[in-house]
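Subject: Structure handover

Hello,

Please find the structure below, followed by notes on what turned up in it.

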Amino acid sequence: MNQNRRRFLSTTTLAACGLAAATPLRAEQSPVTIASSPARKSTFTYCLNTATIRGQKLGLVKEVETAGAAGYDAIEPWIGTISEYVAAGGTLKDMAKRLKDLNLTVESAIGFAEWIVDDDGRRAKGLETAKRDMDMVAQLGGTRI
């Protein structure tokens, strides 16, 4: 009896799935259509992980402009890229304004401060690096590394 029940359930389930997949929906049957959906801001944030374009060596300004032009909500820059921007004379205040003007946020940043090591000197140096990195990210409006 158990085998017959299992066979029946698996057969009917497969048949139902096949029927559902083979039946096309007409527009008026669709539960939600773009035209009838109320306009509202998505609760999902699209964030450009700049590792995906890192090979182009654009620099922070161009990375931010690229994210804005592509329609992203946020950006995840590398700490090294932020540091290079500052070393070349850019200010974090100016970059924060540019981000705001492009309606972008800094959701996170990618950094590798060496703070989780079993060496007191290296750990102390790594923690100082992490503090500096976190300060830069905070000045851009970010909250995570």
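The protein has five helices and three strands, where helices (H or I, at least four residues) and strands (E, at least two) are DSSP runs numbered from the N terminus. Starting at the N terminus, the order of elements is α-β-α-β-α-α-β-α. This is a predicted model, so local features need pLDDT of at least 70 and side-chain atom pairs count only at pLDDT 80 or more, while totals for chains, interfaces and linings use all residues. Residues are numbered from 1 along each chain as its sequence is written, and side-chain values use heavy atoms, with hydrogens and water left out.

Of the 145 residues, 23% count as buried. Buried means under 20% relative accessible area, exposed means over 50%, and partly exposed is in between, with a 1.4 Å probe and protein chains only.

The sheet

The three strands make an open sheet in the order β1-β2-β3, with parallel pairing. β1 and β3 are the edge strands, each pairing on one side only. Two strands pair if DSSP finds at least two bridges between them; three bridges join β1 to β2 (residues 74-76), and these two run parallel. Within this pairing, Cys 47 stands opposite Ala 74 in β2.

Aromatic pairs and a charge over a ring

A search of the whole structure finds two aromatic pairs. Rings of Phe, Tyr and Trp (its six-membered ring) pair if their centres lie within 6.5 Å; planes under 30 degrees apart count as stacked, over 60 as edge-to-face and the rest as tilted. Phe 44 and Tyr 46 form an edge-to-face pair, at 4.9 Å centre to centre and with 65° between the planes. Phe 44 is exposed, at 52% relative accessibility, and Tyr 46 is partly exposed, at 49%.

The other pair is Trp 78 with Phe 112: the ring centres are 5.8 Å apart and the planes are at 50°, so this pair is tilted. Trp 78 lies in the loop between β2 and α3 (79-87) and Phe 112 in the loop between β3 and α5, so the pair ties together parts that are 34 residues apart in sequence. Trp 78 is buried, with a relative accessible area of 18%, whereas Phe 112 is exposed at 68%.

Trp 78 also has a charged neighbour: Arg 54 lies over the face of its ring, at 3.8 Å from the ring centre. A charge sits over a ring if NZ of Lys or CZ of Arg is within 6 Å of the ring centre and within 35 degrees of the ring normal.

The largest pocket

Which residues line the largest pocket? The lining consists of Arg 54, Lys 57, Leu 58, Gly 59, Leu 60, Glu 63, Thr 81, Glu 84 and Tyr 85. On a 1 Å grid over the protein atoms alone, a pocket is an open set of points where a 1.4 Å probe fits, with protein on both sides within 12 Å along at least five of seven lines; lining residues have an atom within 4 Å of a point. The space in this pocket is about 170 Å³, the volume being the space filled by probe spheres set on the points, which are joined across faces, edges and corners.

Helices α2 and α3 each supply at least two residues of the lining. By type, the lining divides into three nonpolar, two polar and four charged residues. Here Ala, Val, Leu, Ile, Met, Phe, Trp, Tyr, Cys and Pro count as nonpolar, Asp, Glu, Lys and Arg as charged, and the others, Gly among them, as polar.

Backbone points in loops

Lys 57, one of the lining residues, has a phi near 50°, a positive value in a residue other than glycine. Lys 57 is in the loop between β1 (47-49) and α2 (59-69) and counts as exposed at 74% relative accessibility. Asn 103 also has a positive phi, of about 55°, although it is not a glycine. Asn 103 sits in the loop between α4 (92-101) and β3 (105-106) and is exposed, with a relative accessible area of 64%.

Two threonines in helices

Thr 129 is in helix α5 (residues 120-139) and is partly exposed at 23%. Thr 129 and Ala 113 are 16 residues apart in sequence and 5.9 Å apart in space, C-alpha to C-alpha. Thr 66 is in helix α2 and is partly exposed, with a relative accessible area of 34%.

Regards
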